[in-house]
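Please have a look at it first.

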Amino acid sequence: MRPKIPQSVLVVIHTPALEVLLIERADASGFWQSVTGSKDAEDEPFEATAVREVWEETGLDARAPGHVLTDWALENVYEIYPQWLHRYAQGVTHNTERVFGLCIPQPVTVNLNPREHRAQRWLPLLEAADLCFSPSNAEAVLCLRSRLC
């Protein structure tokens, strides 16, 4: 298995009414998050990574009619959690995460990849931010207050 590339996306899936989808990690009970995932190749554009990860983790087509994928032009650099360092090349300790929003018309039940996630919840913005285990994910959810679809 090749090491993960330390460049990833965070995609906050939400509705115009600011209901936010959170999914619970299968490998960490109680770790709720938005869609996340690493690039498959160094030259893969962040937008392509976002579209692919949304599909792989939820079954949603980010480019479907009525769906609006937006690159928020925000990047977070954070230290990789110790329990996941083994997934990266030796010496890699930080990841750069590009933030996107995906606005869909209304909450839907998504098709989770059971190897990655075990549960899903649609929550009002503030409740979603409170439930996120990652501070950068919580901040991204809170950014929705100043954004429109």
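Which residues in α3 are buried? Before I answer, let me say that this is a predicted model. In α3, the buried residues are Ser136, Asn137, Ala138, Ala140 and Val141, and what covers them includes the strands β1, β2, β3, β5 and β6 as well as helix α2.

Let me take serine 136 from that group, a residue of helix α3, which runs over residues 135-143. Serine 136 counts as buried because its relative accessible area is 14%, and buried here means under 20%. Leaving aside residues up to four places away in sequence, serine 136 touches Leu10, Asn76 and Glu97, while its side chain makes a polar contact with the side chain of serine 134 at 3.1 Å.

Now to the charged pairs, where a search of the whole structure finds nine salt bridges. One of them joins the side chains of arginine 98 and glutamate 75, at 3.0 Å from N to O. This pair links distant parts of the chain, since arginine 98 lies in strand β6 and glutamate 75 in strand β5, 23 residues apart. Arginine 98 counts as buried, because its relative accessibility is 18%, whereas glutamate 75, at 42%, counts as partly exposed.

Finally, there is a network of salt bridges that links Asp40, Glu44, Arg52, Glu53 and Glu56. Within it, arginine 52 meets glutamate 44 at 3.0 Å, N to O, and glutamate 53 with closest N and O atoms 2.8 Å apart. Arginine 52 is buried at 16% relative accessibility, and glutamate 53 is buried at 6%.

Methods: Residues numbered from 1 in each chain as written. Predicted model: local features only at pLDDT ≥ 70, side-chain atom pairs only at ≥ 80, totals over all residues. Heavy atoms only, no water. Helix = DSSP H or I, 4+ residues; strand = E, 2+ residues; numbered from the N terminus. Buried < 20%, exposed > 50% of the residue type's maximum accessible area, 1.4 Å probe, protein only. Polar contact = N/O pair within 3.5 Å; in protein donor to acceptor, adjacent residues only side chain to side chain. Contact = heavy atoms within 4.5 Å. Salt bridge = Lys/Arg side-chain N within 4 Å of Asp/Glu carboxyl O.
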